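Student: Could we go through this structure together, one question at a time? I'd like to see how each answer is reached.

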Amino acid sequence: MTHTNFTIFHPAVFVLLGIPGWEAYHIWLSIPLCLMYITAIVGNSILIVVIITERNLHEPMYFFLSMLAITDILLSTTTVPKALAIFWLHAHDIAFDACVTQVFFVHVMFVGESAILLAMAFDRFVAICVPLHYTAVLTWRVVGRIGLAIVTRSFCIIFPVIFLLKRLPFCRTNIVPHSYCEHIGVARLACADITINIWYGFSVPIVMVIVDVILIAVSYSLILRAVFRLPSQDARHKALSTCGSHLCVILMFYVPSFFTLLTHRFGHNIPRHVHILLANLYVVVPPMLNPIVYGVKTKQIREGVAHRFFDIRTWCCASPLG
């Protein structure tokens with residue numbers, strides 16, 4: 001059965017193909033994708049619960065970490081369930097407004113996560129370079145304003161994308177060769193000039209993310225300079241260990257994102273199914289690994305998880321059903 005539909009303006013639905021060319025492997029691909037998604041949801045949910053319930057984690061660093069966990073949950077939940085529905089149930093149709101909504105949340109989460117990583121880098125900069133002024137600089141009022149600024153910036157940058165898509169007439173085809181809707185992929189289906197979509201879609205979010213990367217690099221160059229000026233090796237090791245998990249998360253976010261961006265822009269010889277497979281992995285692998293990295297490398301979180309687990313075991317053993 002061929003999915004073809006021609007319409008004058010907005011189609012009632014778009015048809016997501018999943019991973020074109022790999023239809024025979026959809027079931028097999030769905031198994032690791034589902035396991036990674038479950039791991040991401042459970043891991044980030046545990047992280048949020050531990051940060052909320054453990055009083056010693058009520059610090060700016062862990063507030064930003066909880067924001068990162070929420071962003072990871074939203075990013076993977078926006079895309080993976082629909083991909084699994086395509087792979088398992090052949091539910092290829094997605095309403096036009098739902099597609100635009102998916103575009104909005106995918107890009108908002110991307111820009112938002114970059115801003116959160118910048119806020120976490122600033123937190124580490126203050127904690128290591130000016131530790132005596134940490135509580136004076138990062139008051140809860142300042143932290144709240146930073147969190148609000150992250151949400152506001154992400155919303156304002158991506159919100160115009162909705163209007164850029166809704167202004168386009170779609171009179172050619174409604175078939176999207178992807179497992180989820182993304183801005184440029186949908187815009188290319190329009191029978192109109194999409195120059196402004198291309199310029200805005202690539203330039204504005206990417207420029208903002210590059211600015212974040214530059215500021216993060218500046219923060220960590222100052223952090224490393226301060227660390228290597230510390231008198232004792234133990235102090236240097238302790239300072240570096242507090243930044244280790246954050247650096248791992250930064251690399252897991254930016255390396256795949258820029259690799260995906262560059263392959264889309266310059267990797268014309270790379271097959272389409274490879275691009276789409278990488279895009280699917282990008283929205284689930286970092287969210288899956290982030291709580292694992294912080295759980296392994298951060299002592300306070302390990303102790304908080306152990307404390308929660310001990311409380312659950314104690315409650316189960318004390319209950320009549322135990």
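Student: How far apart are N and O where the side chains of Asp 123 and Arg 124 meet in a salt bridge?

Tutor: A salt bridge here is a side-chain nitrogen of Lys or Arg within 4 Å of a carboxyl oxygen of Asp or Glu. Keep in mind that this is a predicted model, where local features need pLDDT of at least 70 and side-chain atom pairs count only at pLDDT 80 or more, while totals for chains, interfaces and linings use all residues. Residues are numbered from 1 along each chain as its sequence is written, and side-chain values use heavy atoms, with hydrogens and water left out. For Asp 123 and Arg 124, the N to O distance is 2.6 Å.

Student: Which cavity lining includes Asp 123 and Arg 124?

Tutor: On a 1 Å grid over the protein atoms alone, a cavity is a set of points where a 1.4 Å probe fits but cannot get out, and lining residues have an atom within 4 Å of a point. Searching the whole structure turns up one cavity of 30 Å³ or more. Asp 123 and Arg 124 sit among lining residues that also include Met 61, Phe 64, Met 120 and His 246, and they line the largest cavity.

Student: How much space lies in the largest cavity?

Tutor: Rolling a probe the size of a water molecule over the atoms shows where empty space is left. Grid points are joined across faces, edges and corners, and the volume is the space filled by probe spheres set on the points. For the largest cavity, that gives about 50 Å³.

Student: Which helix gives the most to the lining of the largest cavity?

Tutor: Helices (H or I, at least four residues) and strands (E, at least two) are DSSP runs, numbered from the N terminus. At least two lining residues come from each of α2 (60-89), α3 and α8 (233-266). With three residues, the top contributor is α3.

Student: Where is the partner of Lys 166 in its salt bridge, and which residue is it?

Tutor: Lys 166 belongs to helix α5 (residues 140-166), and the partner lies 69 residues away in helix α3. The closest N and O atoms are 2.9 Å apart, and the partner is Asp 97.

Student: Why does Lys 166 count as partly exposed?

Tutor: We go back to the cut-offs, since partly exposed covers what lies between buried and exposed. Lys 166 counts as partly exposed because its relative accessible area is 34%.

Student: Asp 212 and Arg 153 also meet in a salt bridge; which helices does the pair link?

Tutor: Their N to O distance is 2.8 Å. Asp 212 counts as buried because its relative accessibility is 1%, whereas Arg 153 is partly exposed at 21%. The pair is 59 residues apart, with Asp 212 in α7 (residues 195-227) and Arg 153 in α5.

Student: What is the order of the three strands in the open sheet?

Tutor: Two strands pair if DSSP finds at least two bridges between them. β1 and β2 pair in the antiparallel sense over three bridges, while β1 (residues 13-16) and β3 pair in the parallel sense over two. The pairing is therefore mixed, and the order is β2-β1-β3.

Student: Which strands are the edge strands?

Tutor: Look for strands that pair on one side only. They are β2 (93-95) and β3 (175-176).

Student: Which strands does helix α3 touch as it packs on the sheet?

Tutor: Contact means heavy atoms within 4.5 Å. Axes are lines fitted to C-alpha atoms, for helices over the stretch in contact, and angles run from 0 to 180 degrees between N-to-C directions. Helix α3 (residues 96-129) makes about 85° with the direction of β2, and the strands touched are β1 and β2.

Student: What share of the 322 residues of the protein chain count as buried?

Tutor: The chain comes to 11 helices and three strands. One of its buried residues is Gln 102, with a relative accessible area of 6%. Across the protein chain, the buried share is 44%.

Notes
Buried < 20%, exposed > 50% of the residue type's maximum accessible area, 1.4 Å probe, protein only. 1 Å grid on protein atoms, 1.4 Å probe; cavity = no way out; pocket = protein on both sides within 12 Å on 5 of 7 lines; lining within 4 Å.
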